[in-house]
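Trainee: Could you walk me through reading a structure, feature by feature? I would like the general idea each time, and then the case at hand.

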Amino acid sequence: MAGERIGILGSGDVGRALAAGVARHGWEARVGTRSPGKVQRWADGTEGVSVGSFAEAAGYGDVAVLAVRGDVVDAVLDLAGPERFAGRLVLDATNPLDFAGDGPPHLLFGATDSLGERVQARLPDARVVKCFNTVSNAQMVDPEFADDTPPMFVCGDDPDAKARTEQILVELGWPGAFDVGGIESARYLEALVPLWVRVGAELDTWEHAFAVVR
Ligand SMILES: NC(=O)c1ccc[n+]([C@@H]2O[C@H](COP(=O)([O-])OP(=O)(O)OC[C@H]3O[C@@H](n4cnc5c(N)ncnc54)[C@H](OP(=O)(O)O)[C@@H]3O)[C@@H](O)[C@H]2O)c1
């Protein structure tokens with residue numbers, strides 16, 4: 001909601017797209033990074049956005065977004081301080097992608113595990129919702145697809161947290177959320193992403209998303 005604060009852990013494409021996007025909707029966003037100097041100039045030129053450490057972003061407002069490389073999530077939570085997330089809604093946009101080798105990415109792990117579950121286990125006092133991980137950063141706020149915008153796939157264990165997530169998504173231009181269950185379903189939302197990359201390569205676009213039809 002306008003005037004609210006959101007801490008975004010991650011200064012890559014996702015962190016910056018989300019921060020600038022929510023700021024357009026009147027939020028105050030703080031981007032967390034190991035190297036604030038690296039993105040300070042960008043933040044100075046982006047109204048509503050400030051930069052700090054991962055710990056400062058984790059403690060900023062009631063909502064946090066996790067938007068860091070999938071293989072460093074644990075390290076970033078250590079740097080942020082897991083206790084700072086207590087009672088907060090944590091939107092987990094991360095994917096456990098393995099870019100080793102040629103060709104499109106594979107999963108570092110999956111089928112019986114996921115980053116969503118690991119994050120919820122590391123942050124037992126936070127309410128984790130998997131969100132944003134199945135679309136490109138350019139579409140995360142005010143999405144514009146050639147076809148109708150589908151609802152965002154989400155999952156998480158706390159119904160109130162998912163309801164709040166849907167409110168936020170609607171405010172950011174999404175038609176709503178498509179709830180696929182508890183946080184365990186993150187293993188399937190994360191597994192969609194290597195498929196999403198292969199579909200994008202075939203279509204020659206990254207401005208696509210999965211929709212459910214019947
Ligand atoms: N790119 C997309 O369109 C997209 C879409 C959906 C989901 N995702 C997922 O969102 C997450 C972020 O993606 P991204 O494309 O924005 O960028 P990224 O390159 O995957 O992640 C950048 C962030 O990771 C942090 N990081 C990298 N190595 C680190 C280390 N050794 N220790 C601590 N932090 C480290 C960086 O910290 P510093 O700020 O300190 O450099 C930076 O904040 C990923 O999990 C990705 O799979 C991406």
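Mentor: Gladly! Let's begin with secondary structure: helices, of at least four residues, and strands, of at least two, are DSSP runs numbered from the N terminus. Keep in mind that this is a predicted model. The protein has 7 helices and 10 strands.

Trainee: What does UniProt list for residues 5–96?

Mentor: The unreviewed UniProt entry gives that stretch as "domain: Pyrroline-5-carboxylate reductase catalytic N-terminal". In the model, residues 5–96 are 37% helix and 24% strand, with 27 Å between the end C-alpha atoms.

Trainee: Now the overall form. What radius of gyration does the protein have, and what would a compact globule have?

Mentor: The general idea is to set the value against a rule based on the number of residues. For 214 residues a compact globule would have a radius near 17 Å, and the protein has 16 Å, so the two agree. Along the principal axes, the C-alpha atoms fill a box of roughly 40 × 40 × 35 Å. Buried residues account for 48% of the 214. As for contacts between residues at least 6 apart in sequence, 68% join residues at least 24 apart.

Trainee: Let's move to aromatic rings. How many aromatic pairs does the structure hold?

Mentor: A pair of aromatic rings is described by the distance of the centres and the angle of the planes. The structure holds 3 aromatic pairs. One of them joins W196 and W206, with 5.6 Å centre to centre and 35° between the planes. An angle under 30 degrees would count as stacked and one over 60 as edge-to-face, so this pair is tilted. The two residues are 10 apart: W196 lies in helix α7 (residues 186–203) and W206 in the segment after α7.

Trainee: Which of the two is buried and which is partly exposed?

Mentor: W196 is buried, at 10% relative accessible area, whereas W206 is partly exposed, at 41%.

Trainee: Where does the charged end of R118 sit?

Mentor: For a charge over a ring, look at the distance to the ring centre and the direction of the ring normal. Here the charged end of R118 sits over the ring of F109, 3.7 Å from the ring centre.

Methods
Residues numbered from 1 in each chain as written. Predicted model: local features only at pLDDT ≥ 70, side-chain atom pairs only at ≥ 80, totals over all residues. Heavy atoms only, no water. Phe/Tyr/Trp six-rings, centres within 6.5 Å; stacked < 30°, edge-to-face > 60°. Buried < 20%, exposed > 50% of the residue type's maximum accessible area, 1.4 Å probe, protein only. Lys NZ or Arg CZ within 6 Å of the ring centre and 35° of its normal. UniProt positions renumbered as here; feature names shortened; annotations may be inferred. Rg over C-alpha atoms; globule rule 2.2 N^0.38 Å. Contact = heavy atoms within 4.5 Å.
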